[in-house]
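Open the model and keep the sequence beside it.

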Amino acid sequence: MRIILKKEEIKGNRITISGEKARYLISVLRCSAGDELQVFDGEGSFYKSKVAGLENKKVIIDLLERISLNAESPLNLTLVQGILKGEKMDMVIQKATELGVKEIIPAVTERSQIRHTRKVYRWRKIAEEASRQSGRTMIPVVHEPIEFNSLFAVHYSLPLSGFIFWEDGGLPLKEAIEKMQDARENLSNHPEACIMNPASLYLLIGPEGGFSEEEVNLTVSKELIAVSLGKRILRAETAAISAVALIQFLLGDI
Ligand code: SAM
């Protein structure tokens, strides 16, 4: 059994869990005194623990041993996802989390059908639950939605560190990675990029209607690389999950 608690909830060797998390432990996981449990702090470690007992819908837990676990990807992947309708966005957040993405930026693009959303809290809960389920020790940051065109002003380390996935053109992924690595070797002419973490990569996936040509041109003008995922047109959620998995396979830890 595995739960994630905020670091500030983990004080001392005996903790009492109440509310939603206690309900989850009691009703879903049906825990009882003596059960073993892993308590993740969402920041890189977990505690071997034991259920000491249940009291008035609360669960008392003894923390036995703190273990630093590195279940995290060596890559700092940021997925910039054109906001998708309904459960498609939930699925992208869940699968990208399982695959190891560190940050998710919901973007409003020219062809977005969703221009305003109140789902960020929901998406953050999905990311937290997917982190717990996949045994990650970090919870990906789900940012507030951003207009696509202001992305480059807000995320200044983007130049030279990203791929825009474009079904109407773009390099094969392996070629794009080689081109990126060559470009990074000549960082000297990009002082702003020298702050970039070598393992950081932004993956830009459009909404159901895709990116506009202007959006692709703006992105390429910032020295990101347009990448193709092959000849077939993938649904956005398929493209997002495939792109993250392929990058993790080629550069990360899958
Ligand atoms: N133009 C598409 C169409 O005609 O249906 C709409 C965009 S597609 C459904 C959603 C997103 O998935 C695109 O913006 C792109 O980021 C990505 N995508 C889908 N297929 C792709 C491919 N073959 N190569 C690269 N990206 C792709």
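**A walk through the model**

The side chains of Ser 212 and Glu 110 are joined by a polar contact of 2.9 Å. A polar contact is a pair of N or O atoms within 3.5 Å; within protein, one must be able to donate a hydrogen and the other to accept it, and residues adjacent in sequence count only if both atoms are side-chain atoms. This is a predicted model, in which local features need pLDDT of at least 70 and side-chain atom pairs count only at pLDDT 80 or more, while totals for chains, interfaces and linings use all residues. Residues are numbered from 1 along each chain as its sequence is written, and side-chain values use heavy atoms, with hydrogens and water left out.

Stay with Ser 212. Its place is in the loop between β12 (200-205) and α6 (213-221). Helices (H or I, at least four residues) and strands (E, at least two) are DSSP runs, numbered from the N terminus. Ser 212 counts as buried because its relative accessibility is 1%. Buried means under 20% relative accessible area, exposed over 50%, and partly exposed in between (1.4 Å probe, protein chains only). Leaving aside neighbours within four places in sequence, Ser 212 is in contact with Glu 110 and Arg 111. Contact here means heavy atoms within 4.5 Å.

Now go to Glu 147, in strand β9 (residues 146-147). Its relative accessibility is 44%, so Glu 147 counts as partly exposed. Not counting residues up to four places away in sequence, Glu 147 touches Val 108 and Arg 115. Arg 115 is 32 residues from Glu 147 along the chain, and their C-alpha atoms are separated by 8.9 Å.

Next comes the ligand. It is surrounded by 19 residues; the closest are Phe 165, Glu 167, Leu 229, Arg 232 and Leu 234. A residue counts as near if one of its heavy atoms lies within 4 Å. Polar backbone atoms also face ligand nitrogen. For Leu 229, the distance from a polar backbone atom to a nitrogen atom of the ligand is 2.7 Å. For Gly 230 it is 3.0 Å. For Trp 166 it is 3.4 Å.

Then look at a helix pair. Two packed helices are described by the angle between their axes and the distance between the axes. The axes of α2 (residues 87-99) and α7 (residues 236-251) come within 9 Å and cross at roughly 10°. Axes are lines fitted to C-alpha atoms, for helices over the stretch in contact, and angles run from 0 to 180 degrees between N-to-C directions. α2 and α7 are therefore roughly parallel to each other. That label covers angles under 35 degrees. From α2, Lys 88, Met 91, Val 92, Lys 95 and Leu 99 meet a set in α7 that includes Glu 237, Ile 241 and Gln 248.

Arg 30 has a positive phi of about 50° although it is not a glycine. Arg 30 is found in the loop between α1 (19-28) and β3 (36-40), and is exposed, with a relative accessible area of 65%. Asn 56 also has a positive phi, near 45°. Asn 56 sits in the loop between β4 (45-55) and β5 (58-68) and counts as exposed at 70% relative accessibility.

Finally, step back. The protein chain has 7 helices and 13 strands. Its C-alpha trace spans about 60 × 40 × 30 Å along its principal axes. Of its 254 residues, 46% are buried.

Notes:
Angles under 35 degrees count as roughly parallel, over 145 as roughly antiparallel, 65 to 115 as roughly perpendicular and the rest as oblique.
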